[in-house]
Amino acid sequence: MSQKKKIIIMFLAALLLYLHAGCWSRREINELAFVMALGIDSLDGGKLYKVSVQTANTKTFAKEGSGSTEEKSFAVYTATGATPAEAVRNLSQQLPRRLLLSHCRLVLISENLAKSGVEPVLDFLQRNREVRETVWVLVAKGQADVLLEQEFDMEDIPADTLSRLIKLGEETSRGYAATKRDFLYKLTTARIDPVAASVEVLPDVAREGKPGVQLGGLAVFRADKLAGWLDAKETRGFLWVTGEAAAGSIVLDSPLVPGKVTFEFLRVQSRVTPQVRDGRVVILLDVETQGDLGDLAEPWVSRGQDNSGGGMEELIKEVERGVQETIEDEILAALHRVQREYKADIFGFGDAIHRRLPNEWRKIEERWDEIYPSLEIHIKVSANLRSSGQTCHYRHR
Amino acid sequence: MVKKLTKLFNNIVNAINNKHGLTPEVPSSVKQESRLSRRLALNLRQLKQALGDSSDIVTREFSIGEQPPVHAALVFVDGLTGKPLVQEHVMKSLMIKAPREIGGKKPDLSKIRENLLTIADVKEERDLKKIIHSVLSGDSALLIDGCPVALLTDTRAWESRGISEPVAEGGVRGPRDGFVETLRINTALLRRHLKSPDLRIETMILGNTTRTDVAIAYVQGIVNEQILEKVRQDLSRIDTDSILDSSYLEELMRGHPYTPFPMYEHSERPDKIVASLLEGRVAILVDGTPFVIVVPTILFQFFQASEDYYTIYHVSTFLRWLRLLGFLLSLYLPSLYIAVITIHHELIPTSLALALAGAREGIPFPALAEALLMEIAFESLREAGVRLPKPLGQAVSIVGALIIGDAAVRAGLVSPAMVIIVAFTGIASFTVPSYKLIFTTRMLRFPMMLAAAFLGLPGIIMVSVVLLAHLTTLKSFGVPYLSPLAPYSGQDLKDVLARAPWWAMRRRPQSLRSPDPVRQESGLRPTLSGKKPNE
């Protein structure tokens, strides 16, 4: 056999390798059920898991032809199983298409399940190859599958609406949503407790009896069990402490004359510094914020009369003090609820001590659960109103 | 064992044959050594024997002078020679204007040549074979009784296509002349653009039967001697019976006989060839074709259009990037689409994934089959359109566009997304100026699609690695095919990834190792004040 023949035969054999690989994980895109959101409930007091998936009805996404029919753009399927993984497998008894979890935006965990512990669920999410690290973990007040059934007007798929709500909530410092990665990191670290955003169904009268879905405050976990909720004020308190607050507004009573002032903060920095004082560990919490005036109900026209602008400086100082007080108030509310009541370290104070004062941490590590509720926290807030936004000295005629 | 014995036997037989001089090779009907005799009749008979009874060969017998008249004959090919030329400057001078005493026992050849033939180029030739070649090329052979020498007069004048704009390489700006099928006109075109005495043109005859004139053109002092020597060697190595187009040479010359990539650049534009010569390349012109080859060739030459140098350099740079992108898209786009849609669903943004899934709803074929179907339809359309007469070609494209673009989608046989992908791939492929390279990518697209369908992105990467490895092994006359990227030369990238303005392109391409690498001195950049920048 000549060299050339050998090469040709090798080449043909190599071509056969192509076919051997087969179409191992080939799945046509139209044979898939795109899971947009996953809901997990517990049944029978935690013995059974109920998994519900919100899948996109891809037919309605083709722009041409039959897309404009009244067909619903999504469908929810539910199945039960002894474990989350089994429940997902059992879905195939009703769903004729293979599930695709890689486009899943959010995972809803029902309140009941959250109370009894979410570790099995997160373990399942982590082991599954398709679920993304960035999927949002939310806690549903009530049942998860009921929430998934809710329709919205604006977007085709409710999961899209929810994820937009979450994003907007984060941008306006109203909420904080944990991704799977965040949640798992906090869950697997003993020094931080996880939080998650909450969602609830509102039987809203204003929407003509149509129930709506609303993003609520935070769900506080102690280890993997739901400890309680935070309201809007406490939630923002949490955001101040962790520095997650991005932009938002604080409304104050106008300091000089009757009326209201809106302070819009644009930049927030927070620093948690553990220190040893008198043999005990204390936390120094520094929060700095900068912002502008959103509106000013105070009739500043009258103030312009003195032509000095001095009134403005006074006003800035007053607003800054008001903002500082409000922030401090919010932080205290959050601390009170979380530290005293839920006894969950969602702020990561333990982690801060571990990082900054490793020797101290070793001493208190064992008794951390006892120490934490009475941990002393010194709060220092500084607000900076950058300018009055006044365009000129107005001469009143 | 048997094979070995047969081989041995053959060797022995060959050895015996050689010893006895039995090689039965007579390449043409005329023997190697045959020369003219003194007798005209004999010479004419020999010529007749060699040329046969072809109707286009004219033998005109006449006599010169009177005391006594000398018999002479003129042999030429009807249609290749200009008859007025022959009548006016050969026959009239010899028959009428010749002095009577010119005849005699020993005709005065030098007198005829110097005083009578009013033709610019006259050569003396004794070798019958060369005479025949000359006659077949359009010369007229004057045979005189008593002389063992023929006078070859250059009376070449045949009908040829006029110099017109090249069809395949049009442009908006720049010279509009294009090469034609006649070698002499083509070399003249080169001279017109390049009046340097250093432009050298060497001619040789290739093709044992077609006897085609082949010319090498280069600029002495700029071209690298080693490259030139390689070109000469490779051309002289060729021993074939016919050269009908310069593409014959491309396959017969040195290089990589199995590569699917184009190893020779060709052009119909004299300005492009001259620019290449000035970079230090060698041009090969072949009689009978307007396509001139340029060597050495690198891959990136196929992305350079001659118009790049005639338009604003920023625009040219942008266009070059666009072409590179078009090239990559035409190679990869369908395979990437297949890979993403059948295997890597998580790579598509969600809303796009849903739209694609919706568009594919109810399509009966897997994505690979769909892509192959559409690609084959597209390639057939193009192939059909290329060779059909123009009015028919339009009909084909209309039918094709309707059937593929519309009916197939409406019937639910292919998805609209696939139509977009295939159509865009087709358009992207046309951005590359060289259709030679596009042929290659058109073909390579298919293994790429198969790899994508079976193995996904890893498959695409595997095929790409094989392709790249292959590309790095290629060399054209000693110049690496992927230069100036590999091996890297920042200097040369000025004319590859960008098109630097003329004042910035000081040097000729480094890869060509020119003995005179500097085009111009620095400081040519125009300034507002008109002074040199560093003054």
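B:E375 is buried, with a relative accessible area of 0%; buried means under 20%, exposed over 50%, and partly exposed in between, using a 1.4 Å probe and protein chains only. This is a predicted model, in which local features need pLDDT of at least 70, side-chain atom pairs count only at pLDDT 80 or more, and totals for chains, interfaces and linings use all residues. Residues are numbered from 1 along each chain as its sequence is written, chains are lettered from A and ligands numbered from 1 in the order in which they are written, and side-chain values use heavy atoms, without hydrogens and water.

The partner of B:E375 is B:R445, in a salt bridge of 3.0 Å, N to O; the term means a side-chain nitrogen of Lys or Arg within 4 Å of a carboxyl oxygen of Asp or Glu. B:R445 sits in helix α15 of chain B and B:E375 in helix α12, 70 residues apart; helices are DSSP runs of H or I, at least four residues, and strands runs of E, at least two, numbered from the N terminus. B:R445 is also buried, at 0%. Both belong to a salt-bridge network that includes B:E379, B:R382 and B:R442.

Next, B:R323 and B:D308 form a salt bridge at 2.9 Å. B:R323 lies in helix α10 and B:D308 in the loop between β10 and α10, so the pair ties together parts 15 residues apart in sequence.

In chain A, A:D286 pairs with A:R271, with closest N and O atoms 3.9 Å apart. A:D286 is buried at 17%, whereas A:R271 is partly exposed at 44%.
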